[in-house]
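Have the sequence and the 3D view side by side as you read.

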Amino acid sequence: MKTQNSTQVPELGLVCITASQEVRFRALTRKRLLQLTLPEQEQTLRTLYTENLKRLNKAVEFCARENIHLYRLTSALFPFADEPIGKGILMELAEEMELIGKQAHLLGLRLVLHPDQFVVLSSDRPEVIENSIKILKTHALILDLLGLPRSPWSLMNIHGGKGDRAQRLIQVIQDLPDEIRLRLTLENDEYAYSSQDILEVCHAAQIPMVFDAHHHVIHEKLESYDHPSVEFMLVEAQKTWTIPEWQLVHISNGDQSFADPKHSNYISLMPDCYKTVPWIEVEAKQKELAIAQLQKNWLGSRSIESLI
C-alpha cells in the first residue's frame, strides 16, 4: 500500500466513470430482471457481471495510464449481488476478481467505495438499518473478493443519514461485523450532519472521517473555501485516521453558484489547505478531464489562481 509524506503532492481520484466512453459499466433494472424466468435471470446476471469485470479491468488500466492512483468503484458494479441469485454468481467469479485486485495493487491504485443513498444506519426503522447492513455486507464481500484489506485503505464511505440520531448511528456502527466496520468512513453533508457533528460521531465510533469542503461551506453558509473553519475541520478530520497518510477528502464546486450542491464540470476553486492532503476524490462532471486540469494547473504550480 502506498503511503505519502509531507513533501509529496496530493493524489487525485477518479469517481466511477470517465467523461469519455472509455470507462462505462452495464446496468440492469429490477423491472427488467423480474420479467425474465429464473434461468434467464441467472444467465443475464452472469453475462453482466462478467462484462463489468472486464470493464473494471479497463478502468484499472485507464487509471494507470493516466497517472491516477485513486479510483472509486461504482456501487452498481454488480446489481442484485445482495440477493442470493446474484451472490452465487459473484462467487463463481472469485478467481477473476482476485486477479483484478492484484493488478490494481501492482499498479499502485487505491480502490474505494461510496455506497448509495439507500444506506442509512441511523434510521428510525429497523428494516432500513437491516437492509443497509445487507448492502454493506455485499460491498464488503466485493472488496474481499478483490483481495483488498479490511482497513480504511479500501474504505466504504457513507453519510450520517437521519439527522439528530448520532447515538443510534454510533451504536449501529460499533455492532457492525469487522468486514464492514474496519473499512467504514463517515462524510459530513450539506444539511443533516455538519463537519463537527460527523467528527464527534467518528471519534465515538472510532472510524475515520472523510471531509468534504463543499458540503462544509454549504452547511455553514460560507463564501470561501479559505474560511479558517475549512482548514480547522480538515486538520481535525485527519486526527480520526490511525494512519494519517491514508486520509481522504472530497472536492467539488457548485455548478451555478458557489453554494450550489450540484457539481460543476471542472474544479475552479480549491481550498489552499488541500495542498497538504494525501488523497482527494474529484467530484466533477468532466471526471478525468477535471483531474488532468488540476494536475496541470493546481499541482503543477504553487498558485491556484484561475485554474480554468
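Which residues does His216 touch, not counting residues up to four places away in sequence? Keep that in mind as you go through the points below; please also note that this is a predicted model.

1. Let's begin with His216 itself. His216 touches Asn188, Ser195, Phe211, Leu222, Ser229, Val230 and Met233, once residues up to four places away in sequence are set aside. His216 sits in helix α9, which runs over residues 213–219. With a relative accessibility of 4%, His216 counts as buried, because the cut-off for buried is under 20%.

2. Now step back to the whole fold. The protein chain contains 11 helices and 8 strands. Its radius of gyration is 19 Å, close to the 19 Å that the globule rule gives for 308 residues, so the chain is as compact as a globular protein of that length. The C-alpha trace spans about 60 × 45 × 35 Å along its principal axes.

3. How much of the chain is buried? Buried residues account for 52% of the 308 residues. Among contacts with a separation of 6 or more, 74% are between residues 24 or more positions apart.

4. The accessible surface of the protein chain is about 14300 Å², and carbon and sulfur atoms contribute 50% of that. There are 32 positive and 41 negative side chains, with the centres of the two sets 5 Å apart.

5. Finally, two backbone angles deserve a look. Asp164 has a phi near 60°, a positive value in a residue other than glycine. Asp164 lies in the loop between β4 (156–159) and α6 (166–174), and at 74% relative accessibility Asp164 counts as exposed. Lys287 also has a positive phi, near 45°, and is likewise a residue other than glycine. Lys287 belongs to helix α11 (residues 287–297), and with a relative accessible area of 16% Lys287 is buried.

How values were computed
Residues are numbered from 1 along each chain as its sequence is written. This is a predicted model: local features need pLDDT of at least 70, side-chain atom pairs count only at pLDDT 80 or more; totals for chains, interfaces and linings use all residues. Side-chain values use heavy atoms; hydrogens and water are left out. Helices (H or I, at least four residues) and strands (E, at least two) are DSSP runs, numbered from the N terminus. The radius of gyration is taken over C-alpha atoms; the globule rule is 2.2 Å times the number of residues to the power 0.38. Buried means under 20% relative accessible area, exposed over 50%, partly exposed in between (1.4 Å probe, protein chains only). Contact means heavy atoms within 4.5 Å. Accessible areas come from the Shrake-Rupley method with a 1.4 Å probe; for residues, only the protein chains shown count as cover. Lys and Arg count as positive and Asp and Glu as negative; His and the chain ends are not counted. The place of a charge is taken as NZ of Lys, CZ of Arg, CG of Asp or CD of Glu.
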